[in-house]
Amino acid sequence: MTESKHHYDERSIETVYRVIYERRDMRHFLPAPVDPATLRRLLDAAHAAPSVGLSQPWRIVRITRTELRGRIYDLVQQERERTAEALDERGAEFLRLKVEGVKECGELLVVGVRDGGAKEIFGRRTLPETDVASTACAIQNLWLAARAEGLGLGWVSLFDPRALAELLGFPGDVRPIAVLCLGHVEQFYPAPMLALERWRQPRPLSELMCENHWPAQTPDGANGEAPMPREPV
Ligand SMILES: Cc1cc2nc3c(=O)[nH]c(=O)nc-3n(C[C@H](O)[C@H](O)[C@H](O)COP(=O)(O)O)c2cc1C
């Protein structure tokens with residue numbers, strides 16, 4: 001295979017992979033503000049994301065009122081309790097996990113997805129969820145740029161979307177999908193916090209990939225999921 005003539009220099013390539021592997025979902029923050037120029041760069045990075053049919057369905061609300069932050073925190077706590085109930089025997093263990101940093105983080109952002117119903121948005125006719133996929137791309141851009149800038153970001157999805165939409169006055173065609181906690185951190189977790197806390201272990205790529213056809217299955221599998229083939233890819 002010939003090397004592409006478009007590749008970056010070695011150090012830049014290394015940096016791209018470094019930020020991908022060192023990005024972490026953060027829940028512990030220092031109570032320090034985020035520099036406004038840095039925040040602007042991060043938001044611009046989010047806004048540079050790919051989107052289905054160039055629809056740019058992300059909508060970003062910066063929360064600056066402390067009282068509003070408190071009400072978002074309350075919504076997250078309500079859903080945290082409901083989640084614990086739904087988890088039955090793992091509920092108490094779940095409640096011991098730190099799953100958000102809403103009150104401590106320097107910046108709080110709520111990201112919504114606008115329903116890209118317009119007919120000229122091609123690529124979403126059979127897959128309306130591409131609106132969410134595009135918005136997730138924007139969040140990932142922000143996440144990676146934040147890590148490179150030395151800031152942590154935590155994606156919180158523990159909330160009732162209708163209640164949050166109502167609280168923030170979202171129109172009917174915009175649905176919140178993320179509360180993002182952004183800010184300075186003491187240190188980045190060396191691995192996913194859920195793995196460090198032994199809540200769940202990540203699966204290797206070889207278990208999640210196959211070639212040409214979905215493989216014939218045996219009905220067992222890690223985490224109760226059907227396994228994919230074991231051959232290395
Ligand atoms: C769509 C989405 C929603 C998430 N929601 C939450 C959440 O509500 N609370 C939380 O603690 N982590 C949440 N996470 C973070 C995941 O738990 C985390 O990405 C995963 O454990 C892997 O860890 P890492 O991001 O540090 O690699 C979310 C991540 C994604 C992509």
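**Close-up views of a predicted chain**

**View 1. Helix H2 meets helix H5.** The axes of helix H2 (residues 36-47) and helix H5 (residues 130-148) come within 7 Å and cross at roughly 145 degrees. Here an axis is a line fitted to C-alpha atoms over the stretch in contact, with angles running from 0 to 180 degrees between N-to-C directions. Helices (H or I, at least four residues) and strands (E, at least two) are DSSP runs numbered from the N terminus. This is a predicted model: local features need pLDDT of at least 70, side-chain atom pairs count only at pLDDT 80 or more, and totals for chains, interfaces and linings use all residues. Residues are numbered from 1 along each chain as its sequence is written.

**View 2. The residues where H2 and H5 touch.** On the H2 side, look for Arg 41, Leu 42, Ala 45, Ala 46 and His 47; they meet Ala 138, Ile 139, Asn 141, Leu 142, Ala 145 and Ala 146 in H5. Contact means C-beta atoms, placed from the backbone, within 7 Å. By class, 8 nonpolar, 2 polar and 1 charged residues make up this contact of H2 with H5. Ala, Val, Leu, Ile, Met, Phe, Trp, Tyr, Cys and Pro count as nonpolar, Asp, Glu, Lys and Arg as charged, and the others, Gly among them, as polar.

**View 3. Gly 117 in its loop.** You can find Gly 117 in the loop between strand E2 (107-114) and H5. Gly 117 counts as exposed because it has 11 C-beta neighbours inside 10 Å; the cut-off for exposed is 12 or fewer, with C-beta atoms placed from the backbone. Gly 117 and Asp 131 are 14 residues apart in sequence, and their C-alpha atoms are 9.4 Å apart in space.

Methods:
Two residues are in contact if their C-beta atoms, placed from the backbone, lie within 7 Å. A residue is buried if 20 or more other C-beta atoms lie within 10 Å of its own, exposed if 12 or fewer, and partly exposed in between; C-beta atoms are placed from the backbone.
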